[in-house]
Amino acid sequence: MATLKLTGVAKSFGPTRVLERVDLDVSDGEFVVLVGPSGCGKSTLLRCIAGLEIPTEGTVLIGDRDVTNAHPRDRDVAMVFQSYALYPHMSVRRNMGFALEIAKKPKSFIDDAVDEAARMLELTPLLDRKPSQLSGGQRQRVAIGRAIVRKPKVFLFDEPLSNLDASLRLTMRVELKRLHKRMGTTMVYVTHDQIEAMTLADRLVVLDGGVAQQIGSPMEVHDTPANRFVAGFIGSPAMTFLEKFDDSAVVGVRPQHVILGEGPHTARVDVIEPLGTESLVHMDLNGEHLVGRTEKPPLPGDIKIGFSRIYRFDRSSGEAL
Ligand SMILES: Nc1ncnc2c1ncn2[C@@H]1O[C@H](COP(=O)(O)OP(=O)(O)O)[C@@H](O)[C@H]1O
Ligand SMILES: [Mg+2]
């Protein structure tokens with residue numbers, strides 16, 4: 001296990017800057033999630049940690065060792081990709097042990113490591129199969145197992161669940177969380193899915209346009225977003241923004257903070273979306289779209305509303321006020 005420290009890590013590809021100086025201190029055993037929309041630089045940052053890219057500026061420390069320019073194999077990290085990248089002609093057992101084979105570990109050592117990882121991931125009955133004889137979820141578990149057997153100091157995950165269907169993604173999410181609890185290894189996990197990020201992370205790094213917009217615990221980032229981007233990206237259902245409500249700022253409202261049925265404002269109910277226990281209420285407030293959430297959906301027509309909490313953002317910079 002180890003700490004990870006990024007100092008001013010930036011990356012350009014030719015003239016194109018894709019990552020602006022990122023500072024991040026990951027403590028031993030912490031689960032950090034890099035989250036943001038497609039193309040924001042998540043994989044690039046993770047690849048700089050893995051050694052698959054060398055940063056244009058800044059340093060990467062694992063433990064107290066500077067690995068900024070070290071070869072990937074020389075960093076004691078293991079990476080799990082979205083594409084499982086298993087060897088199709090090898091059994092599950094051999095796929096999982098292959099890195100140790102390359103490292104010339106004795107057979108009994110490899111067998112023990114594979115058996116232990118297989119038990120943890122419930123892969124024991126599948127060890128003699130080929131990847132083609134496995135489901136998508138099983139293949140992804142083998143890819144994770146292959147990382148586990150190396151006992152790395154840091155696990156790196158790049159959207160490992162994105163190829164799985166929705167229900168399997170939920171199951172695997174819980175399994176990953178359990179695995180982390182059990183192993184206590186430092187993890188850096190990339191996803192574009194803010195719900196996955198919120199549920200897995202001890203700490204989030206919200207990236208947009210190559211810039212770390214905010215770093216904090218899921219609740220901190222959700223409750224006190226640093227700017228309009230973070231406020232709109234984190235939280236489900238999403239915050240709605242009112243441009244005309246306030247002269248001096250853009251106002252953001254989370255659906256759970258809309259009080260329906262009483263308050264100083266009048267909105268017109270537009271569409272109601274039942275979600276089971278609760279419903280989302282889409283409204284028109286003076287020509288602007290607003291979403292509320294309630295257990296008692298209102299009748300169509302005009303309705304009194306109020307807000308239990310609002311957020312305000314600078315009109316030009318988007319910074320939280
Ligand atoms: N090898 C490369 N050469 C040029 N541009 C790249 C390269 N790798 C990534 N990029 C660009 O860097 C930006 C960030 O990419 P990436 O880190 O893969 O984003 P994400 O993982 O968040 O979707 C994108 O605009 C992408 O096109
Ligand atoms: Mg990516």
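**Entry 1: strand β3**

My cut-off for buried is 20 or more other C-beta atoms within 10 Å of a residue's own; exposed is 12 or fewer, partly exposed lies in between, and the C-beta atoms are placed from the backbone. β3 covers residues 31-35, and five of its five residues are buried. Strands here are DSSP runs of E with at least two residues, helices are runs of H or I with at least four, and both are numbered from the N terminus.

A note to myself on the ground rules: this is a predicted model, where local features need pLDDT of at least 70 and side-chain atom pairs count only at pLDDT 80 or more, while totals for chains, interfaces and linings use all residues. Residues are numbered from 1 along each chain as its sequence is written, and chains are lettered from A and ligands numbered from 1 in the order in which they are written.

**Entry 2: the sheet around β3**

Which strands pair with β3? I found β8, running parallel to β3 and joined to it by five bridges, and β9 (residues 203-208), also parallel, with four bridges. I call two strands paired if DSSP finds at least two bridges between them. For landmarks, I noted valine 35 opposite threonine 191 in β8, and leucine 34 with valine 205 of β9 as its bridge partner.

I then followed the whole sheet: it is open, has six strands in the order β6-β7-β8-β3-β9-β10, and its pairing is mixed. At the edges I found β6 (77-80) and β10 (211-216), each pairing on one side only. Neighbouring strands are turned by 15° against each other on average, direction ignored; the axes are lines fitted to C-alpha atoms, for helices over the stretch in contact, and angles run from 0 to 180 degrees between N-to-C directions.

I also checked β7 (residues 154-158) against β8 (residues 186-191): they pair in the parallel sense over five bridges. Leucine 156 stands opposite valine 188 in β8.

**Entry 3**

Next I listed what surrounds ligand 1: Phe13, Thr16, Val18, Gly36, Ser38, Gly39, Cys40, Gly41, Lys42, Ser43 and Thr44. A residue counts as near the ligand if its C-beta atom, placed from the backbone, lies within 6 Å of it. By class I get three nonpolar, seven polar and one charged residues; Ala, Val, Leu, Ile, Met, Phe, Trp, Tyr, Cys and Pro count as nonpolar, Asp, Glu, Lys and Arg as charged, and the others, Gly among them, as polar.

Which element gives the most to this shell? It is α1, with three residues. β2 (16-26) and α1 (42-50) each supply at least two.

I looked at α1 itself too, and eight of its nine residues are buried. They are Lys42, Ser43, Thr44, Leu45, Leu46, Cys48, Ile49 and Ala50.

**Entry 4: two single residues**

Is leucine 100 buried or exposed? It counts as buried because it has 20 C-beta neighbours inside 10 Å. I placed leucine 100 in helix α2 (residues 92-102). Leaving out residues up to four places away in sequence, leucine 100 touches Lys105, Phe109, Ile110, Ala113, Val149 and Arg150; contact means C-beta atoms, placed from the backbone, within 7 Å. From leucine 100 to phenylalanine 229 I read 43 Å, C-alpha to C-alpha, across 129 residues of sequence.

Glycine 63 sits in the loop between β4 (57-62) and β5 (65-66). I put glycine 63 down as partly exposed because it has 16 C-beta neighbours inside 10 Å. Its contacts, again without residues up to four places away, are Ala2, Thr3 and Lys153. Serine 27 is 36 residues from glycine 63 in sequence and 9.5 Å from it in space, C-alpha to C-alpha.

**Entry 5: stepping back**

Last, I looked at the protein chain overall. I count eight helices and 17 strands, and the C-alpha trace spans about 75 × 45 × 30 Å along its principal axes. Buried residues make up 36% of the 321 residues. Of the contacts with a separation of 6 or more, 64% join residues 24 or more positions apart.

The domain assignment gives domain 1 (4-227) and domain 2 (237-313); such bounds come from an automatic or database assignment. How far apart are the C-alpha centres of domain 1 and domain 2? I noted 39 Å.

Key:
Two residues are in contact if their C-beta atoms, placed from the backbone, lie within 7 Å.
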